[in-house]
Amino acid sequence: MRLVAKWLLSALALLAVTYVYSGVQVSSFTSALIAAAVIGLLNMVVRPVLLILTLPVTIVTLGLFLFVINALLFWSASGLLAGFHVNGFIAALIGSLIYSLLGLVIESALGGLFAKR
């Protein structure tokens, strides 16, 4: 139940990014659902590999390179999907920052909502 709720809220967050920032476009809620799933899969499968490969750069930049990794994954998801478009790397950076902040809000809300009592 928690996974489905997070997926739906992540799709809504992706739609919210499109309303807040014009560099990211999503054509429909269905496209947002698919994009949220693809972003989640990329973060689950590709991100750990990129983190290990770029560990020296991440250490030298005091973790700021993680923003670049997040932007690249966000941008690559838009390249894989037809209904989700990002207008370049800077748009991906800004869009991924907004999406990540909304993701933190979702995680904190779901943590309180589905907390074991």
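**Figure 1. Buried residues of helix 1.** The buried residues of helix 1 are Ala5, Ser10, Ala11, Ala13, Leu14, Leu15, Val17 and Thr18. Buried denotes a relative accessible area under 20%, exposed one over 50%, and partly exposed a value in between, with a 1.4 Å probe and protein chains only. Helices (H or I, at least four residues) and strands (E, at least two) are DSSP runs, numbered from the N terminus. The structure shown is a predicted model, in which local features need pLDDT of at least 70, side-chain atom pairs count only at pLDDT 80 or more, and totals for chains, interfaces and linings use all residues. Residues are numbered from 1 along each chain as its sequence is written, and side-chain values use heavy atoms, with hydrogens and water left out. An α-helix has 3.6 residues a turn, so residues three or four places apart point the same way. The 19 residues of helix 1 should span 27 Å at 1.5 Å a residue, and the end C-alpha atoms of this helix are 26 Å apart, which agrees. The expected span is 1.5 Å times one less than the number of residues in the helix.

**Figure 2. The chain as a whole.** The secondary structure comprises five helices and two strands. Read from the N terminus, these elements follow the order α-β-α-α-α-β-α. Along the principal axes, the C-alpha atoms fill a box of roughly 40 × 40 × 25 Å. A compact globule with 117 residues would have a radius of gyration near 13 Å, and the value of 14 Å for the chain agrees. This radius is taken over C-alpha atoms, and the globule rule is 2.2 Å times the number of residues to the power 0.38. Of the 117 residues, 35% count as buried. Among contacts (heavy atoms within 4.5 Å) with a separation of 6 or more, 62% are accounted for by residues 24 or more positions apart.

**Figure 3. The largest nonpolar core.** This core has 30 residues, and those with the most contacts inside it are Leu14, Val24, Ile39, Phe74, Phe84, Val86 and Tyr99. A nonpolar core is a set of buried Ala, Val, Leu, Ile, Met, Phe, Trp, Tyr and Cys residues joined through side-chain atoms within 4.5 Å. Two or more core residues come from each of helix 1 (2–20), strand 1 (24–26), helix 2 (29–53), helix 4 (65–80), strand 2 (84–86) and helix 5 (89–113). Helix 2 gives the largest share, seven residues.

**Figure 4. Surroundings of Phe84 and Ser78.** When residues up to four places away in sequence are not counted, Phe84 touches Leu14, Val24, Gln25, Val26, Ala35, Ile39, Phe74, Ala77 and Ser78. Ser78 belongs to helix 4 and is buried, at 8% relative accessibility. Apart from its neighbours within four places in sequence, Ser78 is in contact with Phe84, His85 and Val86.

**Figure 5. Aromatic residues.** Three aromatic pairs are found in the whole structure. One of them joins Phe74 and Tyr99 in a tilted arrangement, with 5.9 Å centre to centre and 45° between the planes. Phe74 lies in helix 4 and Tyr99 in helix 5, and this pair links distant parts of the chain, 25 residues apart. Rings of Phe, Tyr and Trp (its six-membered ring) pair if their centres lie within 6.5 Å; planes under 30 degrees apart count as stacked, over 60 as edge-to-face and the rest as tilted. Phe74 is buried at 2% relative accessibility, and Tyr99 is buried at 12%. Together, Phe74, Phe84 and Tyr99 form one aromatic cluster.

Figure 6. The structure holds two salt bridges, a term for a side-chain nitrogen of Lys or Arg within 4 Å of a carboxyl oxygen of Asp or Glu. In one of them, Arg2 pairs with Glu107, and the closest N and O atoms are 3.4 Å apart. Arg2 lies in helix 1 and Glu107 in helix 5, so this pair ties together parts 105 residues apart in sequence. Lys6 and Glu107 also form a salt bridge, at 2.7 Å from N to O. Because Lys6 lies in helix 1 and Glu107 in helix 5, parts 101 residues apart in sequence are tied together. Arg2 is partly exposed, at 34% relative accessible area, as are Lys6 at 33% and Glu107 at 29%.
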